[in-house]
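Dear colleague,

Please find below the structure that I am passing on to you. I would be grateful if you could look it over before reading the notes that come after it.

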Amino acid sequence: MTSTTATSFGPLAGPGRETIRLAMQRLWLTGRILPAGAHLIVQHVFRSEEEKPLEVIYSFPLPRDAALRAFRITGDGFEVHSDLIETEAAIKAYERGIAEGSLAALARQYGDGVVNLTVGNVRPGETVTVRLELLAGVESHDDGFRFRFPFTLAPAYHARMKAARVSEDEAEVELPSDEFGDMLLPPFRKDAAGLHEVGFDLSVLHQLPFEEIGSPSHSIRVKPDGMAPARVALAAEKDVPNRDLVLDVRFKEIAAQVLAGPTTEGVRSFAAIIPSTLFGASPKTARRTVIVLDRSGSMQGAPIEQARKAIDACLAVLGEDDSFGLVAFSNDVESLHPTLLPVSSENREKARAFLGQVTAAGGTVLAAGFQEAARMLNGTGGDILILTDGQVAGTEQILAQARATNIRLFCLGIASASQDRFLSLLARETGGVSRFVTARERVDLAAVDLFASMGQPVASGLKTSGNVQPEPPSAVFAGNPVVLFGEFSEGSQMLDLAWDGGQMSLPVPAGDGETGQTVRLLQGSRLITDWESRYPAEQALAPLEKRKQSRVAERLSTLSRTYGLASREMSLVAVVKRAGDRAGQIPTTRVVPVGMPQDVKFDAYFAVPPPVLAAMAPRGCVMEATQAVYTPKPEVRQSFGLAGFRGIFRKSHTPDLDAKVESTDDVLLDLASQLEPDGGMPGQDVADRAARSVAVLLAFVAAGRTLTTGAFRSHVARLVRYLKSLNREILDVAIRAAGDGRVPPGDWLAIARTASVPWSQVEKALTV
Amino acid sequence: MADEMTLAELADASGLAARTIRFYIARGLLGGPVKAGRAAAYTAEHLARLEKIKKLQAQGRMLSEIGRSLAGAVPERSAAPPTAWWQHVIADDVVVMTRNDVSPWRTKQIREAIDELARSLRPTSDADGKRSRK
């Protein structure tokens with residue numbers, strides 16, 4: 001073994017990095033995932049290689065709708081369970097334990113859902129394991145769900161943050177203590193290899209048969225077992241902490257699922273997941289949409305390229321009655337046009353040109369982006385679609401600003417590390433929907449799919465029987481199921497739902513105690529997450545003492561006690577008294593580093609030299625001046641086309657996306673983007689347009705993209721509307737195919753791709 | 001001595017969490033206690049050092065940099081000299097130059113400072129000065 005210094009975690013011999021002293025060696029995720037959420041155990045293995053006692057801090061973000069329940073700390077000859085007590089008392093108990101020389105552990109939640117797990121007085125050479133139990137939500141879809149668990153923490157933007165590179169491959173971020181208290185963030189490693197190992201072994205419970213279980217983030221091994229829980233594990237022996245685990249579960253059928261079980265005497269807790277298709281279809285009305293693109297530095301590379309493509313595809317969905325706006329933001333906001341524009345080929349071309357010149361650089365001033373979009377909609381209704389990585393700190397304030405705009409926000413997150421919790425809150429708190437994809441997935445397809453959910457809801461004014469909390473959503477959107485948590489007195493058998501113009505009843509199964517308990521805890525963690533986001537700005541900043549008096553803090557304390565779950569007001573603490581504890585020794589404090597999220601450019605975040613040092617740039621050195629004409633706001637538009645500037649931001653981008661073979665989705669996306677504002681394909685004359693439109697429609701349907709399924713449902717709907725407007729009986733065959741999926745024989749994908757389709761060929765196919 | 005403090009007392013006096021103080025000690029920003037064991041104690045010098053760290057932080061310094069400057073080290077010079085600069089003409093008679101390779105986050109700070117400077121240099125007759133962005 002190479003020798004190590006006593007104080008450094010850093011790699012010792014430059015880039016070789018064979019020897020890194022790890023305070024945390026392993027993080028392993030186990031537990032059960034249900035369609036309504038997950039009940040997880042995260043195992044952290046800490047080991048001290050210091051000569052003094054060690055105090056180690058692991059800083060991590062919570063998944064969406066998550067809350068900590070308990071932890072168990074074990075080591076040689078001991079096992080102690082945590083207590084859930086008021087945060088202040090927990091800190092005191094922890095500090096008392098440390099002062100007495102005892103092993104102590106504290107799990108404390110801060111703003112933005114960041115948790116610091118601190119374990120103090122780990123003795124030299126000792127191994128200590130903390131098993132942390134938590135509940136987490138999932139991203140529900142009509143036909144399944146996506147589960148996301150963060151193995152790293154993305155460096156997030158804040159107006160008063162400080163960030164610097166401290167060595168070639170490590171950087172630090174500090175947030176202002178008046179807003180974030182004593183929360184510590186991990187150092188970020190350019191390369192996660194050599195850091196603690198991570199992995200997972202999970203079981204997926206289900207009521208409907210599986211169509212597919214997959215992961216865009218990790219290679220997985222899946223063991224399906226009929227209707228028994230499927231086991232999903234990391235295929236490799238271990239992995240590195242540089243991205244979220246993302247699991248996709250799809251079911252064979254779209255149907256309502258109700259999970260239930262007895263909890264306390266005479267009470268049954270339930271969770272219901274009700275697909276949007278059971279509520280009806282979305283009425284067609286003119287759409288007013290502003291698309292907001294995050295062009296901050298962290299979006300550099302694949303994310304912004306993907307976002308451009310996604311927006312182009314979204315614009316193709318809009319019809320001639322619709323209008324749209326386009327906003328790009330980083331530190332400042334730029335829009336295509338100050339007001340909404342009608343959808344025309346000319347305006348779409350302008351939008352394309354606008355997107356083409358957008359460069360990713362600068363901070364993420366998210367509120368400025370959606371406030372500009374809200375201004376464009378001007379209180380007259382409409383939706384906002386935000387494409388962002390959501391890498392911002394101080395999210396409670398942004399959420400308050402979003403609620404104040406009173407406009408639904410739809411969010412498409414694009415990143416390999418989780419800001420899922422924030423974006424799901426941003427959408428839900430404003431009545432919208434969010435999707436979160438990794439930058440390596442088909443972001444364009446996810447955007448088109450989310451876009452198809454926007455516009456008029458399929459149902460509104462939803463009411464339910466039973467004690468449902470949180471309140472049912474005010475509107476149901478196509479593609480997004482309603483998820484309800486609640487409880488019944490033991491006698492009730494049915495969950496009744498009623499909405500404007502419809503109703504349904506779902507049987508609630510008797511269930512078992514374990515399911516009932518899990519569902520109740522998921523309800524608690526969802527309620528706590530909702531309230532966590534509602535600290536008024538001035539209270540979020542207030543010291544503990546003062547914050548305690550706020551309504552939000554009071555509500556959180558109550559929820560924590562009721563459900564036995566931690567929140568910012570209640571923390572988990574354990575102290576292990578052992579023989580040989582030596583009072584008064586100061587442990588050596590270390591923060592566990594994490595990997596820079598995959599696909600985020602380390603060099604773009606943390607420039608060389610550190611920004612702070614750059615402020616003292618040496619005088620009199622030779623410089624090659626680059627001219628940038630500065631004009632004060634509002635006219636300021638730096639020309640990003642200058643070679644020197646562009647070079648910095650372009651050289652690191654090496655997409656291999658373009659190199660791949662064109663897939664069916666690529667072709668469909670290309671076809672979708674060609675639709676004219678009236679919904680038909682372009683062409684020389686009506687016959688030419690009709691022939692091409694039929695071919696494209698049948699190409700979609702043949703690929704399984706119909707009026708109700710798949711990301712292209714709104715494109716299919718527009719093609720159908722166009723063909724109906726032609727009023728020709730022969731076209732009915734194609735129109736019917738969009739509904740029932742029965743396609744006349746032929747390679748429609750290939751036919752659709754040809755520049756001109758002879759009408760005679762289409763006519764022949766339709767009459768067969 | 002009367003001005004000796006426990007870690008908890010030092011934390012109270014400085015307004016910093018005890019964990020934060022331990023973290024500073026581990027990073028070499030602050031010396032360890034003057035006595036070992038149960039009687040571990042801190043002095044007014046510790047408190048003064050913590051106040052100094054807070055002051056430097058308020059000035060925008062990061063802990064890594066404070067560590068170097070408190071240790072008496074000369075701030076490190078960049079290994080790679082800057083290759084290109086932005087030139088901002090903020091008035092007919094004023095030009096500000098900034099490095100083009102700083103982090104996107106730093107760009108915002110610099111940008112705001114230049115805006116501030118530009119505003120302060122603008123002739124008072126300029127009625128457009130307060131106009132908000134479109």
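The notes below set out what was found, beginning with the confidence of the model and then taking each chain in turn.

**Confidence**

Please bear in mind throughout that this is a predicted model. For the complex, the predictor reports an ipTM of 0.79 and a pTM of 0.81. Chain B has a mean pLDDT of 77, with 75% of its residues at 70 or more. Within chain B, helix α2 (residues 18–26) has the highest confidence, at a mean of 95, and strand β1 (residues 84–91) the lowest, at 74.

Two stretches of chain B call for caution. Over residues 74–80 of chain B, pLDDT stays under 50, and the model has 10 contacts beyond four places in sequence for them. Residues 125–134 of chain B also stay under 50, again with 10 contacts beyond four places in sequence. Where pLDDT is low, the predicted coordinates should not be read in detail.

**Chain B**

Chain B contains five helices and two strands. Along the sequence they follow the pattern α-α-α-α-β-β-α. Of its 134 residues, 33% are buried. Among the contacts in chain B between residues at least 6 apart in sequence, 41% join residues at least 24 apart.

**Chain A as a whole**

Chain A has 768 residues, of which 53% count as buried, and it holds 21 helices and 39 strands. Of its contacts with a separation of 6 or more, 74% are between residues 24 or more positions apart.

The chain is divided into four domains: domain 1 (20–250 + 569–594), domain 2 (253–280 + 460–533), domain 3 (288–453) and domain 4 (664–767). Between the C-alpha centres of domain 2 of chain A and domain 4 of chain A the distance is 39 Å.

In soluble globular proteins, nonpolar side chains tend to be buried together. The largest nonpolar core here has 250 residues, and the members that touch the most others are A:Val292, A:Ile384, A:Ala447, A:Ala695 and A:Leu697. Leaving aside residues up to four places away in sequence, A:Leu697 touches A:Val716, A:Leu719, A:Leu723, A:Ala734 and A:Ala738.

**Strands of chain A**

Strand β1 (residues 24–34) of chain A pairs with two others described here. With strand β2 (residues 37–47) of chain A the pairing is antiparallel, over 10 bridges. A hairpin of two residues joins β1(A) to β2(A), and A:Met24 stands opposite A:Phe46 in β2(A). With strand β15 (residues 197–204) of chain A, β1(A) pairs in the parallel sense over eight bridges; there, A:Arg32 has A:Ser203 as its bridge partner.

An open sheet of three strands runs in the order β30-β34-β35 (chain A), with antiparallel pairing. Its edge strands are β30 (463–464) and β35 (502–507) of chain A, each of which pairs on one side only. Two bridges link β30(A) to strand β34 (residues 494–499) of chain A in the antiparallel sense, and A:Lys463 stands opposite A:Ala498 in β34(A).

Strand β27 (residues 409–414) of chain A is largely enclosed by the rest of the structure, because six of its six residues are buried. In a regular strand the side chains alternate between the two faces of the sheet. In β27(A) both faces are covered: A:Leu409, A:Cys411 and A:Gly413 are buried on one side, and A:Phe410, A:Leu412 and A:Ile414 are buried on the other. Strand β26 (residues 383–388) of chain A runs parallel to β27(A) and is joined to it by five bridges. Among the paired residues, A:Leu385 has A:Phe410 as its bridge partner in β27(A).

**A helix and a loop of chain A**

Helix α3 (residues 302–317) of chain A has 16 residues and, at 1.5 Å a residue, should span 22 Å; its end C-alpha atoms are 23 Å apart, which agrees. Since 14 of the 16 residues of α3(A) are buried, the helix is largely enclosed by the rest of the structure.

A:Tyr535 lies in the loop between α9 (513–532) and α10 (537–541) of chain A. Is A:Tyr535 buried or exposed? A:Tyr535 is buried, because 23 other C-beta atoms lie within 10 Å, and 20 or more count as buried. Between A:Tyr535 and A:Val575 there are 40 residues in sequence and 30 Å in space, C-alpha to C-alpha.

With kind regards

Conventions. Residues numbered from 1 in each chain as written. Chains lettered and ligands numbered in written order. Predicted model: local features only at pLDDT ≥ 70, side-chain atom pairs only at ≥ 80, totals over all residues. Helix = DSSP H or I, 4+ residues; strand = E, 2+ residues; numbered from the N terminus. Buried ≥ 20, exposed ≤ 12 C-beta atoms within 10 Å, placed from the backbone. Contact = placed C-beta atoms within 7 Å. Domains from an automatic or database assignment. Core = buried A, V, L, I, M, F, W, Y, C linked by C-beta atoms within 7 Å. Pairing = 2+ DSSP bridges. pLDDT = per-residue confidence, 0-100. Expected span 1.5 Å × (residues − 1).
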